[in-house]
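Grab a pencil and work through these exercises with the model open beside you. Try each task before you read its solution.

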Amino acid sequence: MSNADKPKVVTTRWWWIRHAPVRSDGGNIYGQKDIECDIGDREVFEAVAKILPRTAVWYASNLMRTHQTAEAIWAAGFPQPVGMTKEAAFAEQHLGRWQGMNRAAFLASRPVGSHWFADINEPAPDGESFMDLYTRVCRAIVRINAAEAGKDVIAVGHGGTIKAAVGLALGGQPEKGLAFDIDNCSVTRLDHIASPDTSLWRLPMVNQQPWIADAKHAAMHQPAGPEVVSENKLA
């Protein structure tokens, strides 16, 4: 088969960034509450800016903490793009009446070994299940893969959003995506490879933290899931 006869292969590279840490949550679950983040550690954003592709298209969720994070990366030396698409499908899981509850106490009440707030099929009261989140994130990724085929896509999102994307890249296994840590400001690279008869993913890196060698940035690891332990459990 000559090179001209080979099927065309198109690789779309996703660079997922989780938003910067939230400090004003009072230790409570915030989910889709539109709460600001802490962008004070410039060195972290400088490190992230250095590894991102300059010609990428930018997407972010509709929540301001992702917009603040993108702006901090631009302020740290990354050339500001002409625009950034705000994609509501990339918002964090809506945790309904769980939002505002103490995070550590809530998670301590869940089964031992849980990777998330609840089983993937259990919706929060007046909110979503993780499968609801996974479904909307996957639909948006498929749509953007078609619209931005062959490009670098930088997407600033949330822990749940990125875990959903990892689950898709693992062959459509959302529960496996939940097993990965996604730290604040970390970079996760997922490559979609497509040809006329193929659609598959590669995972070049997950939860990459280019600043991590310096212990003074340890606050970028902000426990937000099952790793939170209540004071009663520590007693």
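**Exercise 1. List the residues that line the second largest pocket, then sort them by type.**

Step 1. The lining is made up of Arg110, Pro111, Ser114, His115, Trp116, Ala118, Asp119, Ile120, Glu122, Glu175 and Leu178. Here a pocket is an open set of points on a 1 Å grid over the protein atoms alone, where a 1.4 Å probe fits, with protein on both sides within 12 Å along at least five of seven lines; a lining residue has an atom within 4 Å of a point.

Step 2. Sorted by type, that lining gives 5 nonpolar, 2 polar and 4 charged residues. The sorting rule counts Ala, Val, Leu, Ile, Met, Phe, Trp, Tyr, Cys and Pro as nonpolar, Asp, Glu, Lys and Arg as charged, and the others, Gly among them, as polar.

Step 3. The volume of this second largest pocket is about 150 Å³, taken as the space filled by probe spheres set on the grid points, which are joined across faces, edges and corners.

A quick word on the ground rules: this is a predicted model, where local features need pLDDT of at least 70 and side-chain atom pairs count only at pLDDT 80 or more, while totals for chains, interfaces and linings use all residues. Residues are numbered from 1 along each chain as its sequence is written, and side-chain values use heavy atoms, with hydrogens and water left out.

**Exercise 2. Describe the chain as a whole: what pattern does it follow along the sequence?**

Step 1. Count the elements: the chain has 7 helices and 6 strands. These are DSSP runs numbered from the N terminus, with helices (H or I) of at least four residues and strands (E) of at least two.

Step 2. Going along the sequence, you read β-α-β-α-β-α-α-β-α-α-β-β-α.

Step 3. Of the 235 residues, 51% are buried. Buried means under 20% relative accessible area, exposed means over 50%, and partly exposed is in between (1.4 Å probe, protein chains only).

Step 4. Now look at contacts, meaning heavy atoms within 4.5 Å. Among those with a separation of 6 or more, 77% are between residues 24 or more positions apart.

**Exercise 3. Which residues of H1 are buried, and what do they pack against?**

Step 1. The buried ones are Val44, Phe45, Ala47, Val48 and Ala49.

Step 2. Their packing partners are strand S1 (10-18), helix H2 (64-75) and S5.

Step 3. Zoom in on valine 44, which sits in helix H1 (residues 42-51). Valine 44 counts as buried because its relative accessibility is 0%.

Step 4. Check who is across from it: tryptophan 211 is 167 residues away from valine 44 in sequence, yet their C-alpha atoms are 5.8 Å apart.

**Exercise 4. Is histidine 192 buried or exposed, and which residues does it touch?**

Step 1. Find histidine 192 in strand S5 (residues 187-195). Its relative accessibility is 10%, so histidine 192 is buried.

Step 2. Leaving out residues up to four places away in sequence, histidine 192 touches Val10, Thr11, Thr12, Asn145, Ser199, Leu200 and Trp201.

Step 3. With serine 199, histidine 192 makes a side-chain polar contact of 2.8 Å. A polar contact is a pair of N or O atoms within 3.5 Å; within protein, one must be able to donate a hydrogen and the other to accept it, and residues adjacent in sequence count only if both atoms are side-chain atoms.

Step 4. Valine 142 is exposed because its relative accessible area is 53%.
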